[in-house]
Amino acid sequence: MITGIYENGDTDPHYDYCQNLGDGRGYTAGIAGFCTGTGDAWQVIQEYKNLTGSYGEFQPMATYLEKYANDGSDSTTGIKSYCSVWKSLGETDTNFQLAQDNMRDQMYYDPAEAASNILGLQFDVSQGQLFDTSIEHGPYDDPDGMLALINDTNNAFTSDQTGTSGSTLIINGHQVDEIVWLTKFIEVRTNDLEHPLEAADQGGNYWAQTTYRTKSYSYIIEQKEYTWTNSVNLLDNDGKETTLVCAKLDGCAKTFALAITNVYENGDTAFHFDYCENLGDGRGYTSGIAGFCTGTGDAWEVIQQYHTFTGGNDAFTPMDSVLTKDAENSDSSTKGLKSYCEVWGNLGNTDGRFRKAQTLLRDKLYFDPSQEYGDNVGLQLSISQAQMYDAGIQHGTWTDKDGLPSLIDETSASFQNDSLGDSGSTLNINGHQIDEIVWLQKFMDVRQDHLLHPQEPDNQKGNYWAQTLYRVRSYQYAIDQKEYMWTDSVSVLDNDGNLICLKCETPTTCPSQ
């Protein structure tokens, strides 16, 4: 998010960005500044081909793009339509967006994370600085690369360097405070930005104009904001103070939220991409990691996404007409879908593209909307944001009488006076100051009432919802333990009321104390 500000001026992912900066790297494009002259843009396009089976509109330029990548050339000859194609696909094609996500992580985030682990960095501010360095300098060991800057920083320490951050690194056999190390690293990086060693990095004196990237992190250090939970204060590209607020779950907190809902949906924390059965709840077959249903249409959306990966020729194709009809008519019938669960299970076990389709649609239909609704309320605590996700999965993120938006509206409407608490987060509801945990408690009361007495006829079938009150009781337990912000672990109750402890390193249960 912070690097997004440096790259594009705001925190939105600019998949459609494309421009020739005149820095000797050809066209710079996308969420990580992929360049035609350095080869990473070509790798994005190759990943796009892997996902779709072709280069698409990039095909006429493919020979030139491969040559410029191999030669390190900033030439734009033969690729004059490059930016228009990139922008168009970046705006509309989820496969192209996914290709950018994959290559950003593979080429920049993962190497930065590996370097961070080797150094033993513990703080978000340190890890964030390495990722930003990896994006701008590259994760390489050339004289201006991230690994070279790390090596130069390490070589500066020839004795112990103590500090007060609470995290100590072992550098060249010496004990070095992590923030002391990071401050030196920023100094080394700033010098490299002002005086790059590689000729390719000297083009247009561009790097010297980007020292706001290090100044902003120095400001964060001065505020002693070493670990980031729900917000961080920094400087934007113009040196203005700004605050970034995490409006949705990410990192360990998202891992926990997904794992907890997995327990409710499938009985354990694993992602059951192969799950499929008819629950008799009026929704047809329920399947996959988010309980996608043939009778509600979200299963068909997953399959349509999978079709974009396969070109529309896969094991689901013979069922397309039936699935379309069931989705359009909200039909719970399984007629014509005899092999549906077998196909879903096989692909869920064996095909990474099908698992990716499920992940994309889970986020698109449930996770992202649930977090946007929570953001509109002003929710800051992990436990509240996670409860929005779980409610979104079960109740839906649409506006029917039992949907998540209706539950939120009903909850907020109940507050006619200030209602204080000790959670540390205060919401503005109907002009009143409401403690976030007070609001969440009321939300869960409202949700429980809808589970016991659903208002939509489709949700009343089989009295199924009334059997799932454990989804509320589990969160109530976490509230009772005052586990509001989720970082390393969280304790909740499983479907039978047994205590489980989730740890971030592996989203599995751990022994309770």
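**Close-up views of a predicted model**

Figure 1. Helix α18 itself spans residues 470-480, and its buried residues are Tyr470, Arg471, Val472, Ser474, Tyr475, Ala478 and Ile479. In an α-helix, residues three or four places apart point the same way, because there are 3.6 residues a turn. After α18 comes Lys482, which has a positive phi, near 60°.

**Figure 2. The hairpin of strands β11 and β12.** Strand β11 covers residues 426-429, and strand β12 covers residues 432-435. The two strands run antiparallel and are joined by four bridges. Leu427 has Ile434 of β12 as its bridge partner. Two residues lie between the strands, and Asn430 in the turn has a positive phi of about 55°.

**Figure 3. Thr36 in the loop between β3 and α2.** The loop that holds Thr36 lies between β3 (34-35) and α2 (40-52). Thr36 counts as buried because its relative accessibility is 2%, and the cut-off for buried is under 20%. The side chain of Thr36 reaches the backbone nitrogen of Tyr27 at 2.9 Å. Leaving aside residues up to four places away in sequence, Thr36 touches Arg25, Gly26, Tyr27, Ala41, Leu65, Tyr68, Ala69, Ser73, Ile79 and Tyr82.

Note on methods. Residues are numbered from 1 along each chain as its sequence is written. This is a predicted model: local features need pLDDT of at least 70, side-chain atom pairs count only at pLDDT 80 or more; totals for chains, interfaces and linings use all residues. Side-chain values use heavy atoms; hydrogens and water are left out. Buried means under 20% relative accessible area, exposed over 50%, partly exposed in between (1.4 Å probe, protein chains only). Two strands pair if DSSP finds at least two bridges between them. A polar contact is a pair of N or O atoms within 3.5 Å; within protein, one must be able to donate a hydrogen and the other to accept it, and residues adjacent in sequence count only if both atoms are side-chain atoms. Contact means heavy atoms within 4.5 Å.
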